[in-house]
Amino acid sequence: MNLLILNGPNLNLLGLREPAIYGRQSYADLVLMIQDAAARLGVSATVRQSNHEGTLVDEIQAAYGVFDGIVFNPAAYTHTSVALLDALKAVGIPTVEVHISDVSKREDFRQVSFVRPACIATIAGHGLGGYIEAMELLKEHLTR
């Protein structure tokens, strides 16, 4: 089982960017957590990040026929990108939307997720552990 872990803008700055909201662990820490979880779950996990919307669309399109599931933190593009929604709908790969912070308790504009209609679940507010929860959920979903 192959999972794509896809991260949007500014997530490469974890540990530096608003640590009161996103924590002090770095992006490298997140990647290591994902790799450890993948080994424990017996899945393959490829981690990618981009600050560019078009690159994220390209990653989703390229995932077709390669990955069985996607864990996706679109970051700020969550609230703005119809292109990401359309890409997810086009490939039809089971996707879990992940947010490190609890977006439901943040600014009004963060209450809208354009990608959510193309996702099987959303995990928000569980810190970096939300990625692991998403991987577990996808594995369960894909093995049913």
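A residue is called buried when its relative accessible area is under 20%, exposed when it is over 50% and partly exposed in between, with a 1.4 Å probe and protein chains only. By this scale arginine 144 is exposed, at a relative accessible area of 71%. The model discussed here is predicted, so that local features need pLDDT of at least 70 and side-chain atom pairs count only at pLDDT 80 or more, while totals for chains, interfaces and linings use all residues. Residues are numbered from 1 along each chain as its sequence is written, and side-chain values use heavy atoms, with hydrogens and water left out.

Two strands are said to pair if DSSP finds at least two bridges between them. In that sense β1 pairs with strand β2, residues 44–49, in parallel over six bridges, and asparagine 2 stands opposite serine 44 in β2. β1 also pairs in the parallel sense with strand β3, residues 69–73, over five bridges, where isoleucine 5 stands opposite valine 71 in β3.

The charged side chains come next. The structure holds five salt bridges, a salt bridge being a side-chain nitrogen of Lys or Arg within 4 Å of a carboxyl oxygen of Asp or Glu. One of them joins arginine 40 to glutamate 136, with the closest N and O atoms 3.0 Å apart. Because arginine 40 lies in helix α2 (residues 27–41) and glutamate 136 in helix α5 (residues 129–143), the pair ties together parts that are 96 residues apart in sequence. Arginine 40 is exposed, with a relative accessible area of 53%, whereas glutamate 136 is partly exposed at 34%.

A further salt bridge is formed by the side chains of glutamate 97 and arginine 116, at 2.9 Å from N to O. This pair links distant parts of the chain, since glutamate 97 belongs to strand β4 (residues 95–99) and arginine 116 to the loop between β4 and β5 (121–124), 19 residues apart. How accessible is glutamate 97? Glutamate 97 has 0% relative accessibility and counts as buried, while arginine 116, at 33%, counts as partly exposed.

Methods:
Helix = DSSP H or I, 4+ residues; strand = E, 2+ residues; numbered from the N terminus.
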